[in-house]
Amino acid sequence: MGAPRRKITPRDLWALTRVGVPVPSADGRIAVVGATEYDIEANRGTERLWLLPERRPLTAADASSGHPALRPDGEVVAFLRKPDGSPHAQLWVLPVTHGTAEPRRLTDFPLGCTDPRWFPDGRRLAVLAPVFRDAPALDATRALAAERAGKPRPRVSEDRLYRFWDRWLTDGEMHHLFAVDADTGATVDLTPESSRHFDLFDPDGQYDIAPDGTEIAFSANATDPPYDELRMSIFAVAAAGGPVREVTPDHPADAIRPRYAPDGRTVVFGGKLDLGNMADRTRLHRLDRATGHTKNLTEAWDRSAVAWEFVDARTLVVEAEDRGRGALFLVDLSDRVDDPRPRALAAAGTFRGARPAGGYIYAQHHSMTRPPDAVRVASDGAIENIGGFNDARVAELDLAEPEEIEVDGVHAFVLRGPRAPRPGPLVQIVHGGPYGAHLDAWHWRWNQQVLAAHHPCAFVNFHGSSGYGQAFAESVRGDWGGRAADDILRATDHLVRAGAADPARLAVAGGSFGGYMTCWLATQTDRFACAVAHSAVYNLTTLFSADVTHDIERDLGVAPWDLAINRHNPAVYAPAWRTPTLVTHGEKDYRVPVEHAHELYGMLKARRVPARLVIYPEETHWITKPQSSLHWYGEVLNWLARYLT
């Protein structure tokens, strides 16, 4: 008999290996995956590349190596690594052999590079590299960076979009596409005249190389300064360089993630139809390169595509959220199918980064009971774990199996520790977004198992959540404090009536929109014994201090300067707040600026409501560093224990 399993702790999260997305060879014979180990004392992680399925390390543990890209013949892997003393990642190559070859550095971009991809002939690689808009040549960018180094710089802008997430955009950095010779490292700027932003959150995955290697299609913002409107569009440029042309100028809203069909005749991209509607689903569109004609492929499918790749000439594999899962679907694109309906391939847990090769779909896979690992999915949907990086550690842990409930058509997960009393405490964990969802997925920042190991938790996919259809997602627009709040309270009532929750020991916690909902519920009811508001939207009238403000009026159904905004504004209902509240926030959070936390905490103290403020100077909208994370979990769990025990 093995040793008894033990309760998971926050420290266990940082002892687990964080496995990335596997990148297979074209024949599916091998794959390369990045896996990160964290040093809590050093407060950082180191990513190594591993060869699968034999699970052999390819890179050393003394420097992080990531973003692997296998040459088409599978013999060489390209990857990114920061040279000693440099803050910027460069491109390196390494033979995939059983020998002890050392990696060879190819590039010296002044501001680094990202997202390497091989050209089909294996002689060159494409990368994205930032340059300064006012000095776009590499030597000019290098000189300007050196001139600015160590000098204070005023942040000056006339643009509506002037900072994003955790950084300012006033220095004028823009990504260009470069081709890099795999032997010499010589670089050619393929888009030297471009001044368009790629996806600001993550530009990776937003370009593709044509099968014959003659063209690159990419997604970038199509609007010009001062960016009163933002719209992503598909552009194309010759692989030898030349003029950039917009190929979807008439698409009404965002067009993203182009993928060439194997025969090169068409490009499939994801497109929304309602500009400024964050709840609008992403449909798949097919663009005929010869005629420019575009066809909406998935209008009849009431789900939003997240990512997609060609399996073969007539089949796409698509990632999409579906009723609390991040599932894989197959789409038949053959001419005989006029209205292709995606067919579920695998729907257990959550998949990310699906890449077809050798008759399999390689992907990262995880669930509420399994941290992310590398898998391959067979044509019948069978899932084979080819990583196994955390098997031994997970086997030591006593993890809770999720229960699923549905209350008035609203789906929720419930997790309770194996020995949790009934009735006992219950913590409602509210997801952000609001256009997101609680998935059967492993969450590193709000880990369901760590939270449930101390107190049973409910995870309600309230109105506004993704993965339940367009109408359900859009129902929260203009109604932030309405049906979503009702859903959480109804689920709470259901669990109390079922004898699963003690009505005297209830709590609510959430971040971002989840933080807003925590604030809103605290002004509408005193039934919660305590609350945790992380990166919370507290005052709706100050939302224009956020980084991206273009959709706020449509999202709220009213402008922040209109008095009608106060219908669902927690700040206006503050006199009713009685709930003891922990307020946490990252100081570098530009999505929900930290002033919301200060205003909320100041109000609570002024009204003599028990409150505690925790600000993390180096963190953003998310708490991601090991030491900050451990401290945050300690604060949250101690606060809950103070009022629920």
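**Rings and their partners**

Author: Let's begin with a charge over a ring: R124 lies over the face of F119, 4.2 Å from the ring centre. A charge sits over a ring if NZ of Lys or CZ of Arg is within 6 Å of the ring centre and within 35 degrees of the ring normal. R163 is placed over the face of W168, at 5.4 Å from the ring centre.

A note on the source: this is a predicted model, where local features need pLDDT of at least 70, side-chain atom pairs count only at pLDDT 80 or more, and totals for chains, interfaces and linings use all residues. Residues are numbered from 1 along each chain as its sequence is written, and side-chain values use heavy atoms, with hydrogens and water left out.

Rings of Phe, Tyr and Trp (its six-membered ring) pair if their centres lie within 6.5 Å; planes under 30 degrees apart count as stacked, over 60 as edge-to-face and the rest as tilted. W50 and F389 have ring centres 5.5 Å apart and planes at 85 degrees, so this pair is edge-to-face. Because W50 lies in strand β4 (residues 44–52) and F389 in the loop between β31 (383–385) and α3 (391–395), the pair ties together parts 339 residues apart in sequence. Helices (H or I, at least four residues) and strands (E, at least two) are DSSP runs, numbered from the N terminus. Both W50 and F389 are buried, meaning under 20% relative accessible area, with exposed over 50% and partly exposed in between (1.4 Å probe, protein chains only).

Finally, F462, W480, F513 and Y516 form one aromatic cluster.
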